Amino acid sequence: MVSFRKKKDKAEKKVDESKLDSPGATSPNEKSAPTPKAPTKPPQLDDIPALVEIMMTEKGEKSAAATKRIYELCDVGHKQNRVPMVCNGKWDVLTPLAMCLTQESGDGRHLACLALNNLSIPTENKRVMALGPASKAVIGGLCKVIAEDKQESYLCCICLMNLSFLEASIVSILEHSPVADGAKAILPIDNPNSLIRVLEKLLTNSPAVPKSGSGKSEGVRWACGLIKNLAKSEENAALFGKTQIPKCVVENIRATTAPPSRWTSNSLEDFSLFVILNLAQWPISKEALIDAGATNVVKPIMNEGDLQGLKATMACAFLGAPWDAFPENGIPASKAVSELMTNIIEKKGKDGQYAYGVFKLYTATKAYRDLAIAAKKADTGGGESNTKALGVPSAVALQLQVVSDLTIAAVDDAEGGSKYVPDAMSAEYCVGAIEALLPTIMQPASDARKSVQSEKACREVCQMLLTYADISGTSSAAKVSAKAAAAEIKAGTGVARPILEIAHDLWTQYRKREGQPLDQFISQERGVEVDESGPLDFLPCVNSNGDSSCTIM
């Protein structure tokens, strides 16, 4: 998120505050209502009603001066005012600020953009600004400035990007599709004035290599930052796939002359690769990326060992790159993605690369699943030479953990749930990864020995997968995958399976730490015990010791 510091002298040069005390151009004999005056002292929250009235009733310099004071109330030195200004319900600063965005005067428009940007930073404000009563005016005003290609376009893109960090807002933001009063609603994809078409026009009309730091380049950069957030929704990704935006972001990567190691956070390249990653994970939009040649453009970036390499690796997995496209037989990819899954579950980031919350668990688990499928496809004759790069015990245990945590959370009578409850998609992807990695997971010991621990692991993992398949909300594809994996694991009993055994032990240790019941996935089915007196337990007069009070004829 981006906030703005007041630039000294610049705003004062644009607005001559001494003129605010001058009377209006009326004749000496004409009586008129007194014009509200902007206070000359440093602004306070109590001044907001008067400032709002000036912004709503005046134009030009008087309105700009009042807008400047609203901005000063929420600048970097007054962060504590930002939430009260939007959320206390005493006044509405959003509607007048949105009105200022439509002014022809650059001063008022620029100051309104700065104020809206700073107000859009607190989490509490995002919901009010993006989903509240003034949201249509705010989003509409910001979109209009971008559409008109004003010099403040990049500020409007930043403000919308700030709002889009509220995930609940991303669908409604991209639904913005203005029409004239009384006119029939138009779908965003069919409306040239909708936000998605305005962003498409901004990207397609930019120079092939815009001058760094220019208004045009900044607009494109922050528009890509906004699209990065909006593309996290599958519904939004479907819309983006129908535009030229996928092609534009691929071209941003193709045209850059800077190596990935020099891409800074929030650079055009960083944002563009994030857009590719987010669009690639949804089947409905990845075809547009494939058609734009994204796979060949992104593949070389996998050689980077940092954040950009991680993003490129997951994007290539989503785009269906063959296993031999991943460097070093997929070992770096396996380590990076499994580490990401662990960090997400443990609610932490990675120093110098990403913070917690940047990636979703369903993104990481889907990438791992797709890597597993690519590795299995490359193996021939049921071998495991490629899947062994992914099927290490710690990674397998993580897959089991995700599936079991969701299963325990979904079973009504279960006790001791996890602190991190995964989403349904993540569990489904983990089941798919387990199924694809079975050639490695079920690899027998070299000496073909038997193992009690392996027997226990097979039974418990099998039962957990079957329980998962039966819970409400499991997709039909996930049910098929879980049952197929369970059947193959059950058939593997009788021989020691070292990888499964170690993975099961790690999974059991995790459940102990979480205080989960260890008998949750132990089959409760019992056989009929028979002793020398025979199988008489079915008789009501025979106790468990075999003693009978019945007379057998």
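## Helix α9

In this predicted model, helix α9 covers residues 153–164 and has twelve residues. The distance from its first C-alpha to its last is 17 Å, close to the 16 Å expected at 1.5 Å a residue.

Helix α9 is largely enclosed by the rest of the structure, because eleven of its twelve residues are buried, that is, under 20% relative accessible area. Among these buried residues are Cys156, Cys157 and Cys159, together with Leu155, Ile158, Leu160, Met161 and Leu163. Ser153, Asn162 and Ser164 of α9 are also buried.

## Overall composition

The protein chain contains 26 helices and zero strands. Of its 553 residues, 51% are buried. Among contacts with a separation of 6 or more, 70% are accounted for by residues 24 or more positions apart.

## Packing of α18 against α19

The axes of helix α18 (residues 307–318) and helix α19 (residues 331–345) come within 10 Å and cross at roughly 100°. Helix α18 contributes Leu310, Thr313 and Met314 to the contact, while α19 contributes Ala333, Ala336, Val337 and Leu340. By class, the residues of this contact comprise six nonpolar, one polar and no charged.

## The largest nonpolar core

The largest nonpolar core holds 157 residues, and within it Leu203 and Phe359 touch the most other members. With neighbours within four places in sequence left aside, Phe359 is in contact with Phe274, Leu277, Leu307, Leu310, Lys311, Met314, Leu340, Ile344 and Tyr354. Leu310, Met314 and Leu340, which are in contact with Phe359, also take part in the contact between α18 and α19.

Definitions and conventions:
Residues are numbered from 1 along each chain as its sequence is written. This is a predicted model: local features need pLDDT of at least 70, side-chain atom pairs count only at pLDDT 80 or more; totals for chains, interfaces and linings use all residues. Side-chain values use heavy atoms; hydrogens and water are left out. Axes are lines fitted to C-alpha atoms, for helices over the stretch in contact, and angles run from 0 to 180 degrees between N-to-C directions. Helices (H or I, at least four residues) and strands (E, at least two) are DSSP runs, numbered from the N terminus. Contact means heavy atoms within 4.5 Å. Ala, Val, Leu, Ile, Met, Phe, Trp, Tyr, Cys and Pro count as nonpolar, Asp, Glu, Lys and Arg as charged, and the others, Gly among them, as polar. A nonpolar core is a set of buried Ala, Val, Leu, Ile, Met, Phe, Trp, Tyr and Cys residues joined through side-chain atoms within 4.5 Å. Buried means under 20% relative accessible area, exposed over 50%, partly exposed in between (1.4 Å probe, protein chains only). The expected span of a helix is 1.5 Å times one less than its number of residues.
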